[in-house]
Amino acid sequence: MKDQQIHEAMALLRQECRQWPTPSVTVVAQRHRSPFTVLISCIISLRTRDAVTAAASERLFSRAVSPDALVRLTVDEIADLIYPAGFFRVKAGQIRDICCRLLEEYGGTVPDTVEELVRFKGVGRKTANLVVTLGYGKPGICVDIHVHRITNRWGYVATATPDETEMALRRTLPPEYWIEINDLLVSYGQHRCFPTVPACSGCPLALLCSRIGVTRSK
DNA sequence: AAAACGGGGGC
DNA sequence: GCCCCAGTTTT
């Protein structure tokens, strides 16, 4: 796919996604405006639906929006607040551990590089990149399952894992779209370009997609 | 019962 | 690369 085509695709995506609500982690980040809340709600979102993530995040942040406030809660209290998110007990422990380390190693602030962020248990490249881009507004590409699936479905990249997709996009995607593409493709993946059976009929990107007519694909 | 959730870790 | 994690909602 050429640059000309990706410019067209992104313009169409922007237009199309306006009709759908903004993904919840982004909304939560905007409401509380902090790299810390992006980090925590991103951990909550692991293997958990968008609506559940939003509700759980709001419940937790109504009690604490900083590491020093959050460590005063016990693991059980945190677990109760983020229920019914998947793996809620494991995540509660991870969240509290991360808060402790943030206080001990970073004076209660959140580091702003992927390399530092992925040293925390429960934080991988997806979460780290979302903190960097959404939390700090710095260059980065957050590749979750939606970004991975859709860019491959387009034929824009040909990769086996989300991490490989991130590296491929860092080489080929114009920097002006780096921060934005996650929000757009999460929304598109939730409302049209579904995981198993995408709604290709009426898709504004149909002419740019290499899998036209394919109703079942990875 | 099985698949799906905006993954991550360990091997 | 594969398998496990440990929970709910949706089909």
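**Figure 1. The whole chain.** Chain A has 12 helices and zero strands. Its radius of gyration is 18 Å, close to the 17 Å that the globule rule gives for 218 residues, so chain A is as compact as a globular protein of that length. Please keep in mind that this is a predicted model. Along the principal axes, the C-alpha atoms of chain A fill a box of roughly 55 × 30 × 30 Å. Of the 218 residues, 47% count as buried. The accessible surface of the chain comes to about 10700 Å², and 54% of that belongs to carbon and sulfur atoms. Among the contacts in chain A with a separation of 6 or more, 59% are between residues 24 or more positions apart.

**Figure 2. Two domains of chain A.** The domain assignment gives domain 1 (3-21 + 141-208) and domain 2 (34-135). Notice that domain 1 is written as two stretches of the chain, 3-21 and 141-208. The centres of domain 1 and domain 2, taken over C-alpha atoms, are separated by 26 Å. How many residues of domain 1 are in contact with domain 2? There are 11 of them, and they touch six residues of domain 2.

Figure 3. Is helix H10 largely enclosed or largely open? Nine of the 10 residues of this helix (residues 145-154) are buried, so H10 is largely enclosed by the rest of the structure. The buried residues are His146, Val147, His148, Arg149, Ile150, Thr151, Asn152, Arg153 and Trp154. They pack against three helices that you can look for here: helix H1 (3-17), helix H11 (162-172) and helix H12 (180-191).

**Figure 4. Asn129 and its contacts.** Asn129 is found in helix H9 (residues 125-135). With a relative accessible area of 0%, Asn129 is buried. Which residues does Asn129 touch, not counting residues up to four places away in sequence? They are Val114, Gly140, Ile141, Cys142, Glu166 and Arg170.

**Figure 5. A nonpolar patch on the surface.** Leu46, Phe87 and Val90 form this patch, and together they have about 300 Å² of accessible area. Leu46 sits in the loop between helix H3 (35-44) and helix H4 (50-61). It is partly exposed, with a relative accessible area of 43%. Phe87 belongs to the loop between H6 and H7, and at 53% relative accessibility Phe87 counts as exposed.

**Figure 6. Backbone details in two loops.** Start with the loop between helix H6 (75-82) and helix H7 (88-106), where Pro84 is found. A cis peptide bond joins Tyr83 and Pro84, with omega about 5°. Now move to the loop between H3 and H4, where Arg47 lies. Arg47 is not a glycine either, yet its phi is positive, about 50°. Arg47 is exposed, with a relative accessible area of 71%.

**Figure 7. A salt bridge between Arg192 and Glu16.** The structure holds eight salt bridges. In this one, the side chains of Arg192 and Glu16 meet at 3.9 Å, N to O. The pair links distant parts of the chain, with Arg192 in the segment after H12 and Glu16 in helix H1, 176 residues apart. Are these two residues buried or exposed? Arg192 is buried, with a relative accessible area of 13%, and Glu16 counts as buried at 16% relative accessibility.

**Figure 8. A salt bridge between Glu58 and Arg31.** The side chains of Glu58 and Arg31 meet at 2.8 Å, N to O. This pair links helix H4, which holds Glu58, with helix H2 (residues 24-32), which holds Arg31; the two residues are 27 residues apart. Glu58 counts as partly exposed at 25% relative accessibility, whereas Arg31 is exposed at 54%.

**Figure 9. A salt bridge between Lys138 and Asp112.** Here the side chains of Lys138 and Asp112 meet at 3.4 Å, N to O. Lys138 is in the loop between H9 and H10, and Asp112 is in the loop between H7 and helix H8 (114-117), 26 residues apart. Lys138 counts as partly exposed at 29% relative accessibility, and Asp112 is partly exposed with a relative accessible area of 29%. Elsewhere, salt bridges that share partners join Arg125, Glu166 and Arg170 into one network.

Notes
Residues are numbered from 1 along each chain as its sequence is written. Chains are lettered from A and ligands numbered from 1 in the order in which they are written. This is a predicted model: local features need pLDDT of at least 70, side-chain atom pairs count only at pLDDT 80 or more; totals for chains, interfaces and linings use all residues. Side-chain values use heavy atoms; hydrogens and water are left out. Patches are made of residues with over 30% relative accessible area and no salt bridge: like charges are joined within 9 Å, nonpolar side chains (Val, Leu, Ile, Met, Phe, Trp, Tyr) within 5 Å. Accessible areas come from the Shrake-Rupley method with a 1.4 Å probe; for residues, only the protein chains shown count as cover. A salt bridge is a side-chain nitrogen of Lys or Arg within 4 Å of a carboxyl oxygen of Asp or Glu. Helices (H or I, at least four residues) and strands (E, at least two) are DSSP runs, numbered from the N terminus. Buried means under 20% relative accessible area, exposed over 50%, partly exposed in between (1.4 Å probe, protein chains only). The radius of gyration is taken over C-alpha atoms; the globule rule is 2.2 Å times the number of residues to the power 0.38. Contact means heavy atoms within 4.5 Å. Domain bounds come from an automatic or database domain assignment.
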